[in-house]
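Here's a quick tour for anyone meeting this model for the first time. Have a look at the sequence and the fold, then read on.

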Amino acid sequence: MPELMRFGVSVERELLEAFDALCEKRGFANRSDAFRQLIRRELAEETLQAKPNTRVAGVLALVYNHHASDLSHTLNEIQHESADAVSATLHIHLDAHTCLEVMTLRGQKTEVETLAEKLRSARGVEQGKIFLYPLD
Ligand code: NI
């Protein structure tokens, strides 16, 4: 168990009220839990910005119409070309036409980003979103 430190923070009343409302909306047990998560998110973001070579784990979610010309095949080809970076793929048929594909990616940040952008920008992809988590 890491040592916990306490410190005082002064903020405007309105800001604190907005923070409390956010904590409640998101279901945090208390301000400390919410604040710790905000700090960790900012630190992770800073690591991703400052260290392009950092190792990351990531999730890429794509929504596409599988009737779009050759798209399923194209996405499959791209994933095979970068097999080392793709840990797992989950494919869900949302309806008769629409597919949701979720990929977990791993590797050097720039490499993972390039791969994700390539997949996301494939012709016919309707929406794509990526989340990266620094491992270093
Ligand atoms: Ni499908």
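Which protein donors does the nickel ion have? They are His91 (NE2), His93 (ND1) and Cys99 (SG), lying 2.1 to 2.4 Å from the ion. Donors here are N, O and S atoms within 2.8 Å of the metal (3.2 Å for Na, K and Ca), and with water not among the atoms, sites may look incomplete. Along the chain, the spacing of the donors reads H-x1-H-x5-C.

Before going further: this is a predicted model, where local features need pLDDT of at least 70 and side-chain atom pairs count only at pLDDT 80 or more, while totals for chains, interfaces and linings use all residues. Residues are numbered from 1 along each chain as its sequence is written, and side-chain values use heavy atoms, with hydrogens and water left out.

How open are some of these residues? Buried means under 20% relative accessible area, exposed over 50%, and partly exposed in between (1.4 Å probe, protein chains only).

| Residue | Relative accessible area | Class |
|---|---|---|
| Histidine 91 | 32% | partly exposed |
| Histidine 93 | 62% | exposed |
| Serine 121 | 55% | exposed |

Serine 121 sits in the loop between α4 and β4, helices (H or I, at least four residues) and strands (E, at least two) being DSSP runs numbered from the N terminus. Its side chain reaches the backbone oxygen of glutamate 117 at 2.7 Å.

Now for α4 itself. Its buried residues are Lys109, Val112, Leu115, Ala116 and Leu119.

How values were computed
Polar contact = N/O pair within 3.5 Å; in protein donor to acceptor, adjacent residues only side chain to side chain.
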